[in-house]
Amino acid sequence: MDTKHLLPIFFLLLIISTTNGQQAKKSPSFEEVISLKSAGYVAISPNGENVAFALQSTDWKNNRFDTEIWLSKAGLAPVQLTRNSENSSFSPIFSPDDKWLAFLSDRGNKTQIFVMRLAGGEPFAITEEEEGVSDFAWHPDGQKFIFTKNEKEDSKKKSLSKRYGSFEIDDAEFTRSHLWEIVFDPTLWDQNELPCYEKSDSLKVAAGCLVFPKAKQLTQGDFTVNSFKLSPDGKMVAYSHQPDPLISSMTKSDISILDLQTGNSKLFVDNKSSDMLQDWSPDAKQILFTSFVDDTVSNFYKNAKIFTKHIISGESRQLGAQLDENPGQLIWTSKGIYGAFWDKTNRPIYRIEPKDGTFKRLEGLPEQISAVTFSKNGDKMALNARNGNQLNEIWLGNVQPLSTKKITAWTDQIKDWNVADSEVILWRSKDGTLVEGVLHKPQDYDPNKKYPLLVVIHGGPTGIDTPSPVPAYVYPIVQWLNKGALVLRPNYRGSAGYGEDFRSLNVENLGVGDAWDVMGGVDFLSAKGMIDTERMGVMGWSQGGYISAFLTTNTNRFKAISVGAGISNWMTYYVNTDIHPFTIQYLKANPWDNEEIYRMTSPMTNIKNAQTPTLIQHGEFDRRVPIPNAYELLQGLRDQGVPSELVVYKGFGHGITKPKERLAATWHNWQWFSRYIWNEEIELPLEDN
């Protein structure tokens, strides 16, 4: 036997075996990132056995993000329940007897309530509302639904339009929403339907024909219903409402209670500022709500307070006063009150004791809880949550003793990708403020190298960035990491998760203090020798776009900047936006009373200092940050001879909500920073490679 070639063959086989066993991971395409499936709304059945949730996927053919409903029975792998080829299905809710699942869907006749048997069968519509249904809930008896829908369009408006054409009076034309009720009798849909012929001499229908229930209006008046909750005994509906649906009216929201037997409503909570309904007590004797009480001047960045109020005595008590963060979704079960609160870059669940307001963090859960729901007796819960190296997953667990099991595996979508290696870092800003941020590194990070740095700034300003394997939106973060860069996402002053005082630090200091925090993070990385300060870029959307614009005109340390839907001039913004109170609360004046604060915080004030090539991205119909901000910054940069470009995304408001345009915006950022950071000219590809 010839053995002289055995050793090389052995090593060759070993290499092949290793390659097959540990396949090289790839850098995903922009399309693959945008196509990631994402878990959303989650509901648990009253008996705690089953979990339904919404899952978003990408429909490239129809250029939309599709949401459909999935079901997991007894903790088993979930299966898809709905397939709506034209629109989405969402907001699943189990019936009180655990036999039905109801949800909302638009199947060619506006959004309606659909139901389907958990034992099997096709879904069918319960409502036929011309205006569509916006929200709904099962009645505890399982024999009817309570829902909200918009009022019918004013017939007078149609007549005016017919004679005078189209016009609108600002902040005076809107459609309110009210509560309605419809009976649910499943036996009707089991019968053979016969045609209904109206007789010429009577309004009665022919005998034997099947007549489906019609909805009955429960509330009416000069207010719009924001949210509602049925009492556990089914006798009452608590609902929050405000004079009109305009966003500036949210500080005028109150809470009323409707008696379903008498049909009478009574105003129950009417503080000067926003009152927001959360839940009923399990015995139906109290409601749980949050409120800014009499604070109408700082509720954009201060904490809401948590209260209970007794239905009979009217006694009100504050709970969890020492919880220094805005409460998230609050749920009252027989085991206590539960809610998610940001704690730096984590979002845990806290249990609040209803009797004395003491609270305790639940340990052993995933790091970021997006949503939580509980079974009827409070023994079991379902979560939409993730850890920092995961995509959002659905979890099923027990409350006492606390335990959870992951029942989905959406993170498997990225198992073959090179994704972000994330860590939370801490630095001091110019004024000594401690600031955290998320630093993303490539998988093959070399501590002996200096990397280009891309800074991505979140919106809000009360948003927050957390560790994530595939941070994206319109910024190709994973692809930049795989190209050989570091990405920093700073949680600048004003961000959620760090307490009320931190969120207040950019009041009367917008842009200025935010820029200190961003540059402090850059200096921190530079001092550690991690970055190439000659190759740095910065970008952000909304408030992040504003901070990016501020940096455009106040520093020349970056090689390229991208401003997404950003504010360029607070005066321009104030008179155009749909949330005027936001500006007043943060700058503490209107421009006529304090022009100086508007000048100090506006990027346009120092436009003559601008030198950095700047890409501007904006939605054509943005009302939150209206597009005049984009044109003003663009013209100012052009007048200074600064390389600049404006891309307007047609038909969009404040966000890019369709996959093809999101792909375009991603490519535009890739092109811009490739040109100025890597000296590469890249054309938009017309076909797949």
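Is Asp-523 buried, exposed or partly exposed, and what is its relative accessible area? Asp-523 is partly exposed, with a relative accessible area of 38%, where buried means under 20% relative accessible area, exposed over 50% and partly exposed in between (1.4 Å probe, protein chains only).

The views below show a predicted model, in which local features need pLDDT of at least 70 and side-chain atom pairs count only at pLDDT 80 or more, whereas totals for chains, interfaces and linings use all residues. Residues are numbered from 1 along each chain as its sequence is written, and side-chain values use heavy atoms, with hydrogens and water left out.

**View 1. The salt bridge of Asp-523 and Arg-557.** The side chains of Asp-523 and Arg-557 meet with an N to O distance of 2.8 Å, a salt bridge being a side-chain nitrogen of Lys or Arg within 4 Å of a carboxyl oxygen of Asp or Glu. Asp-523 belongs to helix α6 (residues 512–527) and Arg-557 to the loop between α7 (543–554) and β34 (560–564), so the pair ties together parts that are 34 residues apart in sequence. Helices (H or I, at least four residues) and strands (E, at least two) are DSSP runs, numbered from the N terminus. Arg-557, at 33% relative accessibility, counts as partly exposed.

View 2. Glu-32 and Lys-26 form another salt bridge, with their closest N and O atoms 2.5 Å apart; Glu-32 counts as partly exposed at 28% relative accessibility, and Lys-26 counts as partly exposed at 37%.

**View 3. The edge-to-face pair of Trp-100 and Phe-184.** Aromatic pairs, of which the count comes to 31, are rings of Phe, Tyr and Trp (its six-membered ring) whose centres lie within 6.5 Å, with planes under 30 degrees apart counted as stacked, over 60 as edge-to-face and the rest as tilted. The ring centres of Trp-100 and Phe-184 are 5.2 Å apart and the planes stand at 85°, so the pair is edge-to-face. Because Trp-100 lies in strand β6 (residues 100–106) and Phe-184 in the loop between β11 (177–183) and β12 (216–217), the pair ties together parts that are 84 residues apart in sequence. Trp-100 is buried, with a relative accessible area of 8%, and Phe-184 counts as buried at 5% relative accessibility.

**View 4. The edge-to-face pair of Tyr-574 and Trp-592.** With ring centres 6.4 Å apart and planes at 70°, Tyr-574 and Trp-592 form an edge-to-face pair. This pair links distant parts of the chain, with Tyr-574 in helix α8 (residues 570–576) and Trp-592 in the loop between α9 (580–587) and α10 (595–600), 18 residues apart. Tyr-574 counts as buried at 15% relative accessibility, whereas Trp-592 counts as exposed at 61%.

**View 5. An aromatic cluster and two lysines over tryptophan rings.** Phe-300, Tyr-301, Tyr-546, Phe-550, Trp-570, Tyr-573, Phe-582 and Tyr-586 form one aromatic cluster. Lys-149 lies over the face of Trp-180, at 4.1 Å from the ring centre, and Lys-483 lies over the face of Trp-678, at 5.1 Å from the ring centre. A charge sits over a ring if NZ of Lys or CZ of Arg is within 6 Å of the ring centre and within 35 degrees of the ring normal.

**View 6. The largest pocket and its lining.** The largest pocket holds about 1600 Å³ of space. Its lining has 40 residues, of which Ile-93, Lys-229, Asp-279, Ile-331 and Thr-373 are the closest to its centre. On a 1 Å grid over the protein atoms alone, probed at 1.4 Å, a pocket is an open set of points with protein on both sides within 12 Å along at least five of seven lines, and lining residues have an atom within 4 Å of a point. Strand β13 gives the most to this lining of the largest pocket, with five residues.

Terms used. Points joined across faces, edges and corners; volume = space filled by probe spheres on them.
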